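Subject: Structure handover

Hello,

Here is the structure you asked about. Please open it and keep it beside this email as you read.

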Amino acid sequence: MTDLLKLSGVHTHIGRYHILQGIDLAVPQGQVTMLLGRNGAGKTTTLRTIMGLWQASKGEIMLAGERIESRATPDIARLGVGYVPESMAVFSDLTVRENLVLAARDGPLDDAQLDWIFGFFPALRRFWLSRAGSLSGGQKQMLSIARAIVEPRKLLLIDEPTKGLAPAIVMALIECLKEIKRKGATILLVEQNFFAARELGDSVLVMDNGTIVHRGEMAALAADVSLQERLLGLSLETHQ
Amino acid sequence: MSEMAANDPLPKPKRDLAPILLPVALALLMIPLVGSTSSWLTLTVASLAMGMMIFIMASGLTLVFGLMDVLNFGHGAFIAVGAYIATLVFAPFAASVQAESLWTNLAVLAPAALLSMAVSGALGLVVERVLILPVYGQHLKQILMTTGGLIVAEQTLYALWGPQIIPMPLPASLRGSFILGDVAIAKYRLLAMLVGLAVFIAIQLVLNRTKLGLLIRAGVENREMVEALGYRIRRLFLGVFMTGSALAGLGGVMWALYREQVHASMSDDLTVLIFIVVIIGGLGSIGGCFIGAILVAMVANYGGFLLPKLALVSNILLMVAILMWRPRGLYAVTSR
């Protein structure tokens with residue numbers, strides 16, 4: 001399977017802090033790659049560096065055969081990368097519709113794609129003309145994901161989509177991401193919720209102190225409690 | 001999508017009416033305090049006219065603040081430059097300006113306003129590229145650079161036009177007042193209100209009915225996410241900065257006609273009012289800017305009539321009161 005995204009020896013400095021310390025990772029086409037790790041390990045920085053929101057100070061980032069580490073964020077997005085930040089970053093002054101109109105960069109909203117999105121996020125249809133700022137946390141997360149998939153994207157970078165959400169909404173989100181996965185999307189997914197990671201991930205990367213400390217199959221990590229405890233300081237049972 | 005929307009019970013966005021009611025309440029409160037109805041009406045019309053002119057000048061600045069997070073202390077330069085450029089058009093056509101026909105007057109006034117906007121907008125392009133581009137994200141340097149730019153602009157105007165005040169008489173057809181009973185409403189104030197309202201409606205239409213407007217509103221709230229969606233926000237910055245500068249130029253022409261004079265430091269007092277309007281309106285909020293401008297003008301006019309000794313501090317007190325009520329302004333858009 002070909003790698004859609006490849007990072008080689010990527011370092012990122014933020015001010016005087018050396019956050020990413022030589023990241024090597026690959027995201028295979030059509031797979032969900034989980035990026036796990038403790039708080040402060042550098043997961044969000046990795047996504048932001050790929051997106052060009054923080055510049056890599058060293059190393060190489062290849063997307064579908066093109067080097068992107070020096071490109072500006074809008075250019076990276078236009079290569080087909082959708083980004084769902086941890087903060088969700090919906091435009092709260094804009095309506096749900098307006099948020100999606102902006103995300104549909106290449107033209108008007110596609111009704112069939114919208115119907116597909118409304119299929120698992122019916123709340124977005126109900127609150128179509130409501131200000132995004134008035135949505136609940138879960139609904140904002142739905143909107144944030146919908147924004148990333150309202151047009152086909154080569155690669156989705158999703159940062160902790162289940163963070164702070166009620167269990168019922170987490171399940172709905174997992175179903176949605178599974179559906180996106182079934183459609184053949186390539187996803188690099190940062191997640192703290194190990195249950196969600198196990199449900200969604202094909203492969204897994206574990207970060208610690210700005211480096212990748214483990215890579216392998218998600219199923220293998222899910223089956224190995226001692227490895228989970230060693231890498232993440234937890235076991236699957238504690239998160240079920 | 002409209003069919004889809006029509007078939008569902010969609011909750012309407014809640015409107016925050018309190019700030020809109022504020023100037024209405026203030027005006028009504030002033031009726032018994034002012035005493036005479038004709039004086040109250042004259043003061044109210046004067047407030048609305050002055051407010052509209054301040055709005056025109058402040059609208060660009062609030063978007064620049066909100067979208068670009070740029071502290072532009074040199075905004076006043078565009079106001080003065082706009083006014084001076086208008087004098088260049090007025091001087092050779094003095095006879096047409098003083099003709100009794102409204103259309104003859106407008107045939108000079110409209111091109112003068114358009115030329116002023118074009119020159120101020122072009123100056124905005126130069127200022128953004130030369131002064132602001134190197135200091136994005138550095139507030140202290142922005143203050144130093146734009147204040148320096150304002151000084152250079154003022155001194156250049158002195159060098160080109162001299163230190164004297166240049167008279168800028170109102171076109172003949174805009175002099176005088178409409179008399180309604182015992183109330184006199186100055187024609188020019190009425191025109192200023194109409195122009196201000198037209199600018200407000202035009203900005204609202206662009207912001208709410210076009211994708212460009214959506215981008216500006218989204219950019220005011222979260223520039224980074226707009227970029228992550230694939231839009232080059234720097235180009236948008238430049239467009240907004242030039243438009244804001246052009247509107248300041250238009251405001252400069254209108255203010256010069258209101259005062260019937262032009263001088264290089266004409267914007268010094270206005271700049272304070274404009275900053276107060278931008279702050280109390282909420283950074284980046286056009287609606288807040290519109291209401292803020294009316295409030296500032298009302299406080300200046302009613303305050304000047306009722307408590308002349310408090311005139312100097314009345315708008316500062318207004319700003320303090322509003323920020324105590326809503327710390328991020330009447331309509332908070334950005335998290336700054």
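This is a predicted model: local features need pLDDT of at least 70, side-chain atom pairs count only at pLDDT 80 or more; totals for chains, interfaces and linings use all residues.

Residues are numbered from 1 along each chain as its sequence is written, while chains are lettered from A and ligands numbered from 1 in the order in which they are written.

Start with chain A. Six of its strands form an open sheet, in the order 6-7-8-3-9-10, with mixed pairing. Helices (H or I, at least four residues) and strands (E, at least two) are DSSP runs, numbered from the N terminus. Two strands pair if DSSP finds at least two bridges between them. In general, strands of a sheet pair through backbone hydrogen bonds, either parallel or antiparallel.

Which strands stand at the edges? They are strand 6 (81–84) and strand 10 (211–217) of chain A. Each has a single partner strand, so one side of each is left without a neighbour in the sheet. Strand 6 of chain A runs parallel to strand 7 (residues 155–159) of chain A, and four bridges join them. A:Gly82 has A:Leu156, in strand 7 of chain A, as its bridge partner.

Now the core. The largest nonpolar core has 184 residues. Such a core is a set of buried Ala, Val, Leu, Ile, Met, Phe, Trp, Tyr and Cys residues joined through C-beta atoms within 7 Å. Buried means 20 or more other C-beta atoms within 10 Å of a residue's own; exposed means 12 or fewer, and partly exposed is in between, with C-beta atoms placed from the backbone. B:Ile54, B:Val277 and B:Val296 have the most contacts inside this core. Helix 3 (residues 37–68) of chain B gives the most to the core, with 20 residues.

Next, the two chains. 23 residues of chain B are in contact (C-beta atoms, placed from the backbone, within 7 Å) with 27 residues of chain A. Helix 9 of chain B gives the most to the side of chain B that touches chain A, with six residues.

Last, B:Pro327. This residue lies in the segment after helix 14 (311–325) of chain B. Is B:Pro327 buried or exposed? B:Pro327 counts as exposed, because it has 8 C-beta neighbours inside 10 Å. B:Pro327 and B:Pro111 are 216 residues apart in sequence and 41 Å apart in space, C-alpha to C-alpha.

Best wishes

Conventions. Two residues are in contact if their C-beta atoms, placed from the backbone, lie within 7 Å.
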